[in-house]
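Here are my notes on the model you sent over.

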Amino acid sequence: MLSPDEAGGGGGSADSADPGAGGGDPAGGQGGEGGEGGDQPPVRPDYIPESYWDAQKGFKSDDFNALVAFKAEHDSNMAQVPEKPDAYEAKLPQDFKLPEGFELPEGEELIDANDPRIALARDFAHAHKMSQSDFEQLIAVGVQMDIAEQGRLKEGLEAEREKLGPNAKTRVGAVTSWLGAKIGGEFADALAPMMFTAKSIQAFEALMRLNRGDVPGNPGAGRDTGKTELSDEEYNKMSPTERINYARQNSKKTA
């Protein structure tokens with residue numbers, strides 16, 4: 001289909017044509033004495049780009065077919081791009097697998113639809129003409145990064161707990177209960193992000209001792225508050241409920 005129409009000859013038939021009587025050579029060679037005929041190299045037509053022409057073999061059909069296939073794939077991908085960013089579904093590929101050993105906490109989801117990063121990912125995907133499948137791969141990368149970050153945080157917390165010794169869980173629970181009894185659950189929750197290092201737990205324990213008057217600087221020093229003081233050993237043996245009741249009783253006496 002890329003070749004031009006052949007020039008029409010006279011009116012003679014192929015059987016009666018005279019090879020030497022003015023017939024043109026399609027390859028561009030000239031008849032007559034000394035002519036090379038079909039041995040002449042092919043001549044590139046003007047309508048075929050040089051990039052698709054081989055000086056010895058002629059038209060590069062393989063290269064042209066590769067270009068046609070590439071365009072077809074591009075058109076197919078473009079047809080799969082949603083009209084608007086909001087049309088992308090925030091989900092993982094069907095073949096996505098969690099890393100070995102990872103357990104999703106109960107009640108949590110791998111993808112939070114309200115995560116502001118989802119909106120950014122949608123805008124990015126639409127700007128780069130991604131299909132729904134491409135968008136799911138993008139979400140998968142983000143989830144894998146979140147899982148890796150959670151793993152690093154978990155390792156860091158374990159290292160800090162080891163610094164607190166074998167009773168780390170009890171010590172953290174005591175600080176949490178004390179804060180809840182002293183300032184209420186809402187304020188205690190606001191301080192929870194500060195309890196990620198051994199030093200922070202030790203600092204809260206120092207405040208607990210200060211409040212009980214075990215160290216200099218007790219706000220109640222110099223007056224009888226009527227408190228029943230407990231040693232650290234006695235306090236640590238108390239259940240969380242007993243600690244809360246103990247803190248409440250001392251707070252009432254102070255008031």
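This is a predicted model: local features need pLDDT of at least 70, side-chain atom pairs count only at pLDDT 80 or more; totals for chains, interfaces and linings use all residues.

1. The overall layout first. The protein chain has eight helices and two strands, and going along the sequence the order is β-β-α-α-α-α-α-α-α-α. Of its 255 residues, 22% are buried. If you take contacts between residues at least 6 apart in sequence, 51% of them join residues at least 24 apart.

2. Now helix α3, starting with a pair inside it. Glu-149 and Arg-152 both belong to α3 and sit three residues apart, about one turn of the helix. Their side chains form a salt bridge, with N to O at 2.5 Å.

3. A second pair in α3 has the following arrangement. Glu-160 and Lys-163 are also three residues apart in that helix, about one turn, and they make a salt bridge whose closest N and O atoms are 3.1 Å apart.

4. Lys-91 and Glu-136 meet through their side chains at 3.9 Å, N to O. What does this pair tie together? Lys-91 is in the loop between α1 (61–79) and α2 (116–127), while Glu-136 is in α3 (residues 132–163), so the bridge links parts that are 45 residues apart in sequence. The cut-off for a salt bridge is 4 Å, so keep that in mind when you look at the 3.9 Å value for this pair.

5. On accessibility, Lys-91 is partly exposed, with a relative accessible area of 37%. Glu-136, on the other hand, is buried at 12%. In total, the chain has eight salt bridges by this rule.

6. One more α3 residue is worth a click. Glu-158 lies in that helix and is partly exposed, at 37% relative accessible area. Glu-158 and Phe-196 are 38 residues apart in sequence, yet their C-alpha atoms are 9.8 Å apart in space.

7. Then the packing of α4 (residues 168–183) against α6 (residues 198–212). The two axes come within 10 Å and cross at roughly 55 degrees, which makes α4 oblique to α6. The crossing is left-handed.

8. Which residues make that contact? From α4 there are Arg-171, Val-172, Ala-174, Val-175, Trp-178, Leu-179 and Lys-182; from α6 there are Ile-201, Gln-202, Phe-204, Glu-205, Leu-207, Met-208 and Asn-211. By type, the contact residues split into nine nonpolar, two polar and three charged.

How values were computed: Residues are numbered from 1 along each chain as its sequence is written. Side-chain values use heavy atoms; hydrogens and water are left out. Axes are lines fitted to C-alpha atoms, for helices over the stretch in contact, and angles run from 0 to 180 degrees between N-to-C directions. Helices (H or I, at least four residues) and strands (E, at least two) are DSSP runs, numbered from the N terminus. Angles under 35 degrees count as roughly parallel, over 145 as roughly antiparallel, 65 to 115 as roughly perpendicular and the rest as oblique. A crossing is left-handed if the near helix is turned anticlockwise from the far one by less than a right angle, and right-handed if clockwise. Contact means heavy atoms within 4.5 Å. Ala, Val, Leu, Ile, Met, Phe, Trp, Tyr, Cys and Pro count as nonpolar, Asp, Glu, Lys and Arg as charged, and the others, Gly among them, as polar. Buried means under 20% relative accessible area, exposed over 50%, partly exposed in between (1.4 Å probe, protein chains only).
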